[in-house]
Amino acid sequence: MKTDDLIAALAAQPAPQPLWLPGLALRIIGITALACGVFLLVLGPRADLAAALIRPEVVMKTALPALICTIALWLAVRQARPRLHPRAGLAGLALPLGIALGLWLLAFATRAPEARFADVTPPALAECLGLILLISALPATMALRILQRGAPTAPALAGALAGLASSAGAATGYSLFCMQDNPLFYVTWYGAAIGIVTVASAVAGSRMLRW
Amino acid sequence: MTNRETEWSALLQAADAGDGRAYARFLHAITPVLRGIVRARGRNLAPADQEDILQEVLLAIHAKRHTRDAAAPVLPWLYAIARHKVVDAFRRRGTAVHLPIEDLAEDLLADPDPDLLALRDSNRLIGQLDPRAAQIVRAVSIEGETPAEVGGRLGMTDGAVRVALHRALQRMAALVKGEDR
């Protein structure tokens with residue numbers, strides 16, 4: 001085929017609907033909120049939620065993943081446009097990571113040695129990791145699908161950010177159910193669940209988001 | 001560069017409003033530029049293969065046309081797609097065919113308008129060569145001197161310049177490969 005003929009064929013096609021990044025973000029957050037909503041409808045929030053939410057470490061358990069979700073979501077949808085420097089802006093994640101680290105260290109320093117990891121039991125871990133992974137599964141998959149309409153020049157990174165946004169969103173919803181208020185527990189194990197989804201989404205993204 | 005930016009973004013704006021002829025003009029305008037980029041990266045590919053890659057890039061630009069931000073400059077968007085697809089195309093083709101040195105030099109001399117984006121890219125690559133090789137590549141590929149002229153200036157035979165040029169281009173191709181993630 002001659003290049004001129006190709007151009008003539010391409011030019012004959014109608015103009016597409018332009019990509020609207022807030023629309024992508026809304027769809028991803030909508031599906032994540034739906035998954036959290038279904039989860040909370042089935043298992044219900046913790047009974048003492050209103051009373052517990054006056055304690056800063058309980059507030060942080062919900063606020064921190066919500067912050068990560070917000071930042072990662074915006075970084076993820078920006079990957080939908082082809083970029084010369086796909087990594088630009090990632091430093092924004094340093095803020096919540098710094099807060100998480102600070103929270104962990106503060107809790108470690110202020111708690112008695114025997115109280116630090118007393119709540120790490122196999123059932124508690126299975127519940128925390130298992131439920132966050134379960135809530136994340138659908139939103140993470142859909143977030144990758146939604147990004148497929150874009151043209152990410154770093155597919156694995158775009159996948160990772162989509163996974164990070166959905167799993168942090170899932171953790172936000174899960175935190176309203178979770179009774180573990182020790183930052184040493186939730187920073188570590190929410191972090192592990194979020195990390196697993198992020199890595200899995202990076203791998204999936206490197207395949208699904210190729211174009 | 002600025003002219004190109006204003007011209008192309010005006011064409012795309014009209015195209016997005018449904019003007020197919022403006023879109024065709026845009027594609028025609030970017031084609032020589034993209035061809036320059038493909039050629040700069042794949043000097044050891046046959047012209048027909050280069051044209052295939054060019055068409056793949058044009059198709060990708062068309063398929064991802066909706067990802068352009070109307071409020072942002074066109075050139076970075078265009079170059080991001082082109083670079084992504086060119087790298088992708090070369091990776092899928094694996095190692096390239098070798099052409100005789102004479103053909104290579106001729107191709108270089110025949111290049112009528114060294115493209116600015118491609119030039120920026122190749123300047124960076126040329127910078128990684130040893131100074132003498134860099135001088136030869138610059139003289140022949142960018143300033144358009146013949147190997148004989150370069151040889152006369154550097155005190156080398158015509159043939160030695162051609163061999164040095166060939167090695168330098170191979171080295172540049174290797175550098176490009178090494179960069180690809």
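Analyst: In this predicted model, A:Phe177 is buried, since its relative accessible area is 16% and the limit for a buried residue is under 20%. The ring of A:Phe177 belongs to one aromatic cluster, together with A:Phe39, A:Tyr174, A:Tyr186 and A:Tyr190.

Over all chains, the structure contains nine aromatic pairs. One of them joins A:Phe39 to A:Phe177 in an edge-to-face arrangement, with 5.3 Å between the ring centres and 75° between the planes. This pair connects distant parts of the chain: A:Phe39 belongs to helix H2 (residues 21–43) of chain A, while A:Phe177 lies in the loop between helix H8 (155–175) and helix H9 (183–208), 138 residues apart. A:Phe39 is also buried, at a relative accessible area of 8%.

A second aromatic pair is formed by A:Trp104 and A:Phe108, whose ring centres are 5.5 Å apart and whose planes meet at 10°, so the pair counts as stacked. Both residues lie in helix H5 (residues 94–110) of chain A; because they are four residues apart there, about one helical turn separates them. A:Trp104 is partly exposed at 24% relative accessible area, and A:Phe108 is partly exposed at 29%. The ring of A:Phe108 also has the charged end of A:Arg116 over it, 3.8 Å from the ring centre.

A:Asp181 is buried, with a relative accessible area of 10%, whereas A:Arg55 is partly exposed at 36%. A:Arg55 forms a salt bridge with A:Glu57 too, at 3.8 Å between the closest N and O atoms, and A:Glu57 is partly exposed at 25%. The structure as a whole holds 12 salt bridges over all chains.

Chain B supplies a further example. B:Glu56 and B:Arg92 form a salt bridge in which the closest N and O atoms are 3.4 Å apart. B:Glu56 lies in helix H3 and B:Arg92 in helix H4 of chain B, 36 residues apart. B:Glu56 is partly exposed at 22%, while B:Arg92 is exposed at 52%.

The loop that connects helix H3 (47–63) to helix H4 (74–93) of chain B contains B:Lys64. B:Lys64 is buried but has no salt bridge, and the nearest side chain of opposite charge, B:Asp88, is 12 Å away. Its side chain instead reaches backbone oxygens of chain A: that of A:Gly150 lies 2.6 Å from a polar atom of the side chain, and that of A:Gln148 is at 3.5 Å. Beyond its sequence neighbours, the contacts of B:Lys64 include A:Arg149, A:Ala151 and A:Trp211 in chain A, as well as B:Trp77 and B:Ile81 in chain B.

A:Leu10 is buried, with a relative accessible area of 5%, and touches B:Tyr23, B:Leu27, B:Leu58, B:Leu59 and B:His62. The ring of B:Tyr23 in turn has the charged end of B:Arg65 over it, 3.8 Å from its centre.

As for the overall setting, chain A has nine helices and zero strands, and its C-alpha atoms fill a box of roughly 75 × 35 × 30 Å along the principal axes. Of its 211 residues, 50% count as buried. Of the contacts in chain A between residues at least 6 apart in sequence, 88% join residues at least 24 apart. Chain B likewise has nine helices and zero strands; 47% of its 181 residues are buried, and the corresponding share of contacts joining residues at least 24 apart is 68%.

Definitions and conventions. Residues are numbered from 1 along each chain as its sequence is written. Chains are lettered from A and ligands numbered from 1 in the order in which they are written. This is a predicted model: local features need pLDDT of at least 70, side-chain atom pairs count only at pLDDT 80 or more; totals for chains, interfaces and linings use all residues. Side-chain values use heavy atoms; hydrogens and water are left out. Helices (H or I, at least four residues) and strands (E, at least two) are DSSP runs, numbered from the N terminus. Buried means under 20% relative accessible area, exposed over 50%, partly exposed in between (1.4 Å probe, protein chains only). Lys and Arg count as positive and Asp and Glu as negative; His and the chain ends are not counted. A salt bridge is a side-chain nitrogen of Lys or Arg within 4 Å of a carboxyl oxygen of Asp or Glu. A polar contact is a pair of N or O atoms within 3.5 Å; within protein, one must be able to donate a hydrogen and the other to accept it, and residues adjacent in sequence count only if both atoms are side-chain atoms. Contact means heavy atoms within 4.5 Å. Rings of Phe, Tyr and Trp (its six-membered ring) pair if their centres lie within 6.5 Å; planes under 30 degrees apart count as stacked, over 60 as edge-to-face and the rest as tilted. A charge sits over a ring if NZ of Lys or CZ of Arg is within 6 Å of the ring centre and within 35 degrees of the ring normal. Lists of a residue's contacts leave out its neighbours within four places in sequence.
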